[in-house]
Amino acid sequence: MNRKSFYILFSVVCLISYVWLFFNIQSQSTSTHTLSVCMFKNITSVPCPACGTTTSVLSLLAGDFQQAIMTNPSGIIAAFLLLVIPLWLLNDALFKKASLFNFYVKSENFIKQKYVAALLFTAVLSNWVWTIIKEI
Amino acid sequence: MDANKVDMFIMSNGKFFEGHHLPQIRERLLQADESKWSMIQMAQYKDPTISLIVSVIAGQLGIDRFLIGDVGLGIAKLITCGGFGIWWIVDFFLIMGATKEKNIMKLQQVL
């Protein structure tokens, strides 16, 4: 993947995430009904590993840290990334650097190591099992 | 390298690369040293059709991106639930090109 498409992709994903979050905060105050965009859940009725991330971020915004972890721990990661990445993108755009892209390439190579990948895979899988048991 | 061998390689592996790259690949292979032949033959290329099937079935979890070696994008797709379902569908159209791109990078490493 080249640098230009990386920056375009990450900007678009960040933007959509913020729009999605805003939409959810709006609908939270007006109704209790929540929209599910997860095709995996809609088709199989089994939650996917990322199901509950929005709920988790919303409870984090309300200050309920414990509830956020109990819903889906990946919400903490998502909230952190949503805080850091836009600022980093802005920094790169202002100073015409490619530090985020370089960091991405470095971390990708780090994750590709056998043991790190196995560890991450186990973490995601156990989180998924937990999600299914909780029936989000 | 022998023109016969190169043509044979292109005939059997043509589907792994973009059509517009094939003339360049042929040129590079003809210039390449004979000793690299076994390495080029041995390299494992990813099948674009397989990655498309994986993308349709398990694209929500980012498995297609993990398959072709884009680990970072795979994780991004996994934690955003297939990019809110949008990226999942967009990738139906992008994944074959991305796979071919990865294949050509692999061939360039060998050459």
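What covers the buried residues of helix α6 of chain B includes α6 and α7 (114-134) of chain A together with α5 (63-68), α7 and α8 (86-110) of chain B, where helices (H or I, at least four residues) and strands (E, at least two) are DSSP runs numbered from the N terminus, and where two residues are in contact if their C-beta atoms, placed from the backbone, lie within 7 Å. The model is a predicted one, in which local features need pLDDT of at least 70 and side-chain atom pairs count only at pLDDT 80 or more, while totals for chains, interfaces and linings use all residues. Residues are numbered from 1 along each chain as its sequence is written, and chains are lettered from A and ligands numbered from 1 in the order in which they are written.

The helix with which this account opens, α6(B), comprises residues 71-79, and its buried residues are B:V71, B:L73, B:G74, B:K77 and B:L78; a residue is buried if 20 or more other C-beta atoms lie within 10 Å of its own, exposed if 12 or fewer, and partly exposed in between, with the C-beta atoms placed from the backbone. Seen down the axis of α6(B), these buried residues fall within an arc of 160°, so they line one face of the helix, the arc being that of the directions from the helix axis to the C-beta atoms. After α6(B) comes B:C81, whose phi is positive, near 60°.

One of the buried residues of α6(B), B:K77, is touched by B:W87, which also touches B:G82 when residues up to four places away in sequence are not counted. B:W87 belongs to helix α8 of chain B and counts as buried because it has 23 C-beta neighbours inside 10 Å. Between B:W87 and B:G59 there are 28 residues of separation in sequence and, C-alpha to C-alpha, 8.8 Å in space.

Chain B as a whole has 8 helices and 0 strands, and of its 111 residues 31% count as buried. Its C-alpha atoms fill a box of roughly 50 × 20 × 15 Å, taken along the principal axes. Among the contacts in chain B with a separation of 6 or more, 63% are accounted for by residues 24 or more positions apart.

The crossing of α1(B) and α2(B) is right-handed, a crossing being left-handed if the near helix is turned anticlockwise from the far one by less than a right angle, and right-handed if clockwise. On the α1(B) side the contact is made by B:A3, B:V6, B:F9 and B:I10, and on the α2(B) side by B:L22, B:I25, B:R26, B:L29 and B:L30. These residues divide into 8 nonpolar, no polar and 1 charged, where Ala, Val, Leu, Ile, Met, Phe, Trp, Tyr, Cys and Pro count as nonpolar, Asp, Glu, Lys and Arg as charged, and the others, Gly among them, as polar.

Chain A has 7 helices and 0 strands, and buried residues make up 18% of its 136 residues. Along its principal axes the C-alpha trace of chain A spans about 45 × 40 × 30 Å. Of the contacts in chain A between residues at least 6 apart in sequence, 46% join residues at least 24 apart.

Two loop residues of chain A deserve attention for their backbone. Most residues other than glycine have a negative phi. A:S45, in the loop between α2 and α3 (53-61) of chain A, is not a glycine and yet has a positive phi of about 60°; with 8 C-beta neighbours inside 10 Å, A:S45 counts as exposed. A:K96, in the loop between α5 and α6 of chain A, likewise has a positive phi, of about 55°, although it is not a glycine, and A:K96 is exposed, with 6 other C-beta atoms within 10 Å.

The contact between the chains takes 23 residues from chain A and 14 residues from chain B. On the side of chain A that touches chain B, the elements that give two or more residues are α1 (3-30), α2 (39-44), α5 (74-95) and α6 (99-111) of chain A, and the residues of that side divide into 17 nonpolar, 4 polar and 2 charged.

As for confidence, the predictor gives the complex an ipTM of 0.71 and a pTM of 0.76. The mean pLDDT of chain B, pLDDT being the predictor's confidence in each residue from 0 to 100, is 84, and 100% of its residues reach 70 or more.
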